[in-house]
Structure formats: C-alpha cells, structure tokens
Amino acid sequence: MPKKILLVDDEPEILEISRDYLKASAFDVVTASDGVQGLAAARREKPDLIVLDWMMPEMDGLDLCREIRRESNVPIIMLTARVEETDKLIGLEIGADDYITKPFSPRELVARVKVVLRRVSGDSAADVIRVDNVLLDRAHYEVQIKKRTVQLTPTEFEIMATLMSQPGRIFSRMQLLNSAHGVAFESYERAIDSHIRNLRRKLEPDELIVTVHGVGYKFEV
C-alpha cells in the first residue's frame, strides 16, 4: 500500500507541482487549499504524513497543526516563507516534525517526506528498549512509563530512543539531530531544545531527561 500524503496550501501552483512529484515517487496524495479543508481532510483521510503551509486563509498552519496534534501524532512538515529563528521554533514547539523554507525544490520536499517516514518505520534499531520502568516499543511506536502510555511525534520518539539507548551518556544537540535524521536542522542545533521541551512536558511528572549545561542532554531514571 502506498503511503498517503496530505498537502495543505492555498497556492495552486505549489499544490500541483508538489502533488505531481510525490505521485511520481509512488505516494498517494490528497490536497486541500486552506486550513479548514485541511483539518477535514486529515480527519477523513487519515494520512501517513501531512505537509502544510504556515500562511493560509480560514485557518493558518499553526492553528491547524495545534488541532491535529490534539487528535493525532501523524508526522507534520511545515512550509514557511518565514526565515527568522523564532518563527521556525514556534512550529517545532507546537508539534511539527520538520520544516521547509519557501521557495523550495519539489525534489527536496520528496526527500524530506521520505526521511520523516523512515523515522516512523524505525527499521534500523532495536524493536524494544527498556530502562527500569520506561519502555520504548518501535513495533507499536509508543513509550510507556510505569505502564502509562505517552504519545510522541516521530522526531520526539527518535530523540527518546537515542537517549534511552545509552542511559547516562551525554548526547550533544547535533548528535540528537543526526539520530533523528533532522536534515532541516543540520546547521541549526538549537532546534533540538524545542523538541526536548515538548518531550519533558509529555513525560511529566517523571523527570527523565537531564540537561548538562554547555554539553547536551542525557537520560536518567
């Protein structure tokens, strides 16, 4: 079965060329031209990944991302013409997994989609990682703490898996980004801090991720 991609953008040219390139790469593609249509399509179509624009009528990309995150952990890539560091961090804070800055190459979009979907498949790592009362299960793509299930986005899941793979080891921001295949952030290490904040919020009240100031992060039970 081909993976289903939902494209949400109010620019017809971007929708058309992105759809054509993704279809040429054997993806099933659904499109929507504004945020309201995009939310309805996300609920109806249950896509494997969503690509959405930041600036749209009716409901912008940030509000759409927030709504989707209330209901699903489907991977999300945001398209944005904004280049400011704080703007990019906002998208990550609300749950986006990756971002692409406009203008972009449709080949780059296809490559990013494939990278994020590979994170979800988790083909290259151990199926189960257990540290004390914390269990990470790739087969079911979930984390359990004392049998409490914690829902994570694909990027958060890969960061958690990396940290849990070697408890007590300090990982730098770049090492965590590389482990999550975050090609959008190779020159932007601070983006990892947003994902760590989201992770900590979801893991509360358990304090499992420790900051080592000036160095990086480590996992401790």
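Modeller: Let's begin where helices α2 and α3 cross, in a right-handed way, meaning that the near helix is turned clockwise from the far one by less than a right angle. This is a predicted model, so local features need pLDDT of at least 70 and side-chain atom pairs 80 or more, while totals for chains, interfaces and linings use all residues. Residues are numbered from 1 along each chain as its sequence is written, and side-chain values use heavy atoms, without hydrogens and water. Helices (H or I, at least four residues) and strands (E, at least two) are DSSP runs, numbered from the N terminus.

The axes of α2 (residues 35-45) and α3 (residues 61-71) come within 10 Å and cross at roughly 20°. Such axes are lines fitted to C-alpha atoms over the stretch in contact, with angles from 0 to 180 degrees between N-to-C directions. The two helices are therefore roughly parallel (under 35 degrees; over 145 is roughly antiparallel, 65 to 115 roughly perpendicular, the rest oblique).

Where do they touch? G35, G38, L39, A42 and R43 of α2 meet L64, E67, I68 and E71 of α3, contact meaning heavy atoms within 4.5 Å. By class, four of these residues are nonpolar, two polar and three charged. Here Ala, Val, Leu, Ile, Met, Phe, Trp, Tyr, Cys and Pro count as nonpolar, Asp, Glu, Lys and Arg as charged, and the others, Gly among them, as polar.
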